[in-house]
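Reader: Before we discuss the terms used for this model, please show me the sequence and the structure.

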Amino acid sequence: MGSIIAILLFSLSLITCLLLKFSVVYALVIGYIIFIVYGLIKGHKLMILVKNSFKGILTVKNILLVFMLIGMITALWRASGTIAFIVYMGSKLISPSILILLTFLLCAILSVLIGTSLGTAATMGVICASIGKAMGVNPYYIGGAVLSGIYFGDRCSPMSTSALLIAELTKTNLYTNIKLMIKTSVIPFIVTCLFYLLLGFKSTVSNISVDVTEIFKQNYNLNIIVIIPAILIIILSILKINVKKTMLVSIVISFIIAMFIQRDSIVALINYCIFGYHHPNERLNLMMKGGGILSMVNVSLIVGISSSYSGIFKETKMLVSLKKHLKDFSKKTSSYFVIFLSSIISGAIACNQSLGTILTNELCGELVEKQKMAIILENTVILLVGLIPWNIAMGVPLKAIDVGIMAGVFAFYLYFLPLWNLLLGVMEEKK
């Protein structure tokens, strides 16, 4: 009973922060205190609880390092013109009838390259939404396509923090996971493309001349060389080079390109790496500002504090009774279904992707073997949180492109893939 009360109090703190528009970090700190107090009431020593919470944080130390590298690489890709080149050339392919499909594809490609859903929404998502608005396309269609696209890469990019988190939690190989993720996403991806194509042909649009991307041409040297940092990420990932080494190489090349092609000073580039990229052109800055190590502080705190819970849960055996109930329920239904259901509840309670993933793994990690668990997590919680209106996984990207939450209805990929794999998973277990 005490464990249920502790979880309810934590949920209440999350909801309160959400309603008051406070950072979820405050709720996570409150949660940490609640779970420590629960442990003390149960007779556990404070130092042991704190020590175990730090053990939980140590399990994601590699991810926290990667966060820092991601902050640097996203800033330097902006400075070097890599993102501008991708956005500019990609926008040249867009015509009104296929805009929705290409929004999905372009966001998917960019999210694979940079591994961040929020970064993709703030760049390619903003451009596609601007073009869609100029053409008179339903903003919910574009918003849904953006959500689908940004989480395509957030799920299976070698630079994705969620993919790295799951690999760490399940002790599985990142590249093996990516291979299996691609295999389980082929049918949903094709069906999603067909739906967006049909939606595009049925949409009423106007043939307005769109010059929104000309600002990139005016403010960047869009030499073909600027695409090298992105190409290196793809090549080195295919060669299965360590993610951190891959990103370091791309960072160094981006730094050099920004110096010699875009004519940025060393001091300015170091400043970008720490504080994020910014440009004196106000209009360009609205679309391109961001990145930097400091931009990753909030998400690092969320992942770090969330991870500390796992150590406390293990020490206090807080989730044992709940895990037992889930295990019994899985025998009556199916393991896949229980994980699917748990991922929705965890995502709704956690209000963020990282904690939702950690909670789902903590509750259901014993239901299936580790490799299978890694792929089920990728096919459920990583995508489904993008459909929960109060979860930052949905709220932040849609706010970036200025579209309402009804766009979630048209985020086909986010529910086609989980439902397709749920069907296959249940059928496999029945056999």
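Author: Patches are made of residues with over 30% relative accessible area and no salt bridge, where like charges are joined within 9 Å and nonpolar side chains (Val, Leu, Ile, Met, Phe, Trp, Tyr) within 5 Å. Accessible areas come from the Shrake-Rupley method with a 1.4 Å probe, and for residues only the protein chains shown count as cover. The model is predicted, so local features need pLDDT of at least 70 and side-chain atom pairs count only at pLDDT 80 or more, while totals for chains, interfaces and linings use all residues. Residues are numbered from 1 along each chain as its sequence is written, and side-chain values use heavy atoms, with hydrogens and water left out.

Reader: Which residues form the nonpolar patch on the surface, and which helices supply at least two residues each?

Author: The patch is formed by Ile182, Val186, Ile187, Ile190, Leu194, Phe195, Trp420, Leu423, Leu424 and Met427, which together have about 870 Å² of accessible area. Helices here (H or I, at least four residues) are DSSP runs, numbered from the N terminus, as are strands (E, at least two).

Reader: Why is Ile187 called partly exposed?

Author: Ile187, found in helix H11, has a relative accessible area of 41%. Buried means under 20%, exposed over 50%, and partly exposed in between (1.4 Å probe, protein chains only), so the value of 41% makes Ile187 partly exposed.

Reader: What makes Ser117 buried, and which residues does Ser117 touch?

Author: Ser117 lies in helix H7 (residues 117-135), and its relative accessible area is 7%, therefore Ser117 is buried. Not counting residues up to four places away in sequence, Ser117 touches Ile150, Tyr151 and Asp154, where contact means heavy atoms within 4.5 Å.

Reader: Why is the pair of Lys372 and Glu428 called a salt bridge?

Author: A salt bridge is a side-chain nitrogen of Lys or Arg within 4 Å of a carboxyl oxygen of Asp or Glu, and the side chains of Lys372 and Glu428 meet in one (4.0 Å, N to O). The pair links distant parts of the chain, with Lys372 in helix H21 (residues 370-379) and Glu428 in helix H24, 56 residues apart. Lys372 has 29% relative accessibility, so Lys372 counts as partly exposed, whereas Glu428, at 52%, is exposed.

Reader: What makes Lys171 exposed, and what is its phi?

Author: Lys171 has a relative accessible area of 58%, so Lys171 is exposed. Its phi is near 55°, a positive value in a residue other than glycine, and Lys171 is found in the loop between helix H9 (161-170) and helix H10 (174-183).
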